[in-house]
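The following exercises, each with a worked solution, concern the structure shown below.

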Amino acid sequence: LVGGEGPVQPIVLEYPIQRDALSRAVQSSIRSRAGQQDIHAEMRHRREIEAELRLSRRRYVDLVEGVDAIVYERNPSNLRFTFVSQQAVSLLGYPLSCWLTDPSFWLETIVHEDDRKNTQAAVNQACKEGRSAQLEYRARRADGEILWLRDFVRVGSRSADRVDTLS
């Protein structure tokens, strides 16, 4: 090396490095990079699963909405509808919001007054026994027309001692 006033002597700096400490630092860095790769792979896998789930849900909704019947799901403990297919609007003329917000809507508005007692008793019995049932009752459309409905009540449960859904 040459400086402005003649040759410059190189300066050598020596730092004592413990091999174990350096080894741990390098290994930690490698693990950190591998961990980041694992996280990125996990995030990519999660996005793929979420996309598959959205597609599956879309197919399910398309299937349910394509059936010429009212498909529904109810919570048996409070009899609230948690899902009602769009066919309810087409067949009976009431907006879905009525079904989903008022637990008494189906029985008090849809089911004909002369059929309410027997229809409700059949639903209660199906829940109590944990079995499915087939009901026939008169229904009142929003325009006042009366029509007969056949209702296939399926009792769903995830455990032997509890009914989780009516559909």
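A residue is called buried under 20% relative accessible area, exposed over 50% and partly exposed in between (1.4 Å probe, protein chains only). This is a predicted model, in which local features need pLDDT of at least 70 and side-chain atom pairs count only at pLDDT 80 or more, while totals for chains, interfaces and linings use all residues. Residues are numbered from 1 along each chain as its sequence is written, and side-chain values use heavy atoms, with hydrogens and water left out.

**Exercise 1.** Determine the secondary structure of the chain and the order of its elements.

*Solution.* Step 1: helices (H or I, at least four residues) and strands (E, at least two) are taken as DSSP runs, numbered from the N terminus. Step 2: the count comes to 5 helices and 8 strands. Step 3: read from the N terminus, the order is β-β-α-β-β-α-α-α-α-β-β-β-β. Step 4: of the 167 residues in the chain, 23% are buried.

**Exercise 2.** Characterise helix α5: what is its span, and where do its buried residues lie?

*Solution.* Step 1: α5 covers residues 116-129, 14 residues in total, and extends 20 Å from first C-alpha to last, close to the 20 Å expected at 1.5 Å a residue; the expected span is 1.5 Å times one less than the number of residues. Step 2: the buried residues of α5 are Thr-119, Gln-120, Val-123, Ala-126 and Cys-127. Step 3: viewed down the helix axis, these residues fall within an arc of 125 degrees, so they line one face of α5; the arc is that of the directions from the axis to the C-beta atoms. Step 4: an α-helix has 3.6 residues a turn, so residues three or four places apart point the same way. Step 5: the face turned away from the buried side carries the exposed residues Lys-117, Asn-118 and Lys-128. Step 6: Gly-130 follows α5 and has a positive phi, near 65 degrees.

**Exercise 3.** Which residues form the aromatic cluster, and how are the rings of Phe-81 and Trp-99 arranged?

*Solution.* Step 1: rings of Phe, Tyr and Trp (its six-membered ring) pair if their centres lie within 6.5 Å; planes under 30 degrees apart count as stacked, over 60 as edge-to-face and the rest as tilted. Step 2: the structure holds 5 aromatic pairs. Step 3: the ring centres of Phe-81 and Trp-99 are 5.2 Å apart with planes at 85 degrees, so this pair is edge-to-face. Step 4: Phe-81 belongs to strand β4 (residues 81-84) and Trp-99 to helix α3 (residues 96-101), so the pair ties together parts 18 residues apart in sequence. Step 5: Trp-99 also forms an edge-to-face pair with Phe-105, at 5.5 Å centre to centre and 65 degrees between the planes; both Trp-99 and Phe-105 are buried. Step 6: Tyr-72, Phe-81, Tyr-94, Trp-99 and Phe-105 form one aromatic cluster.
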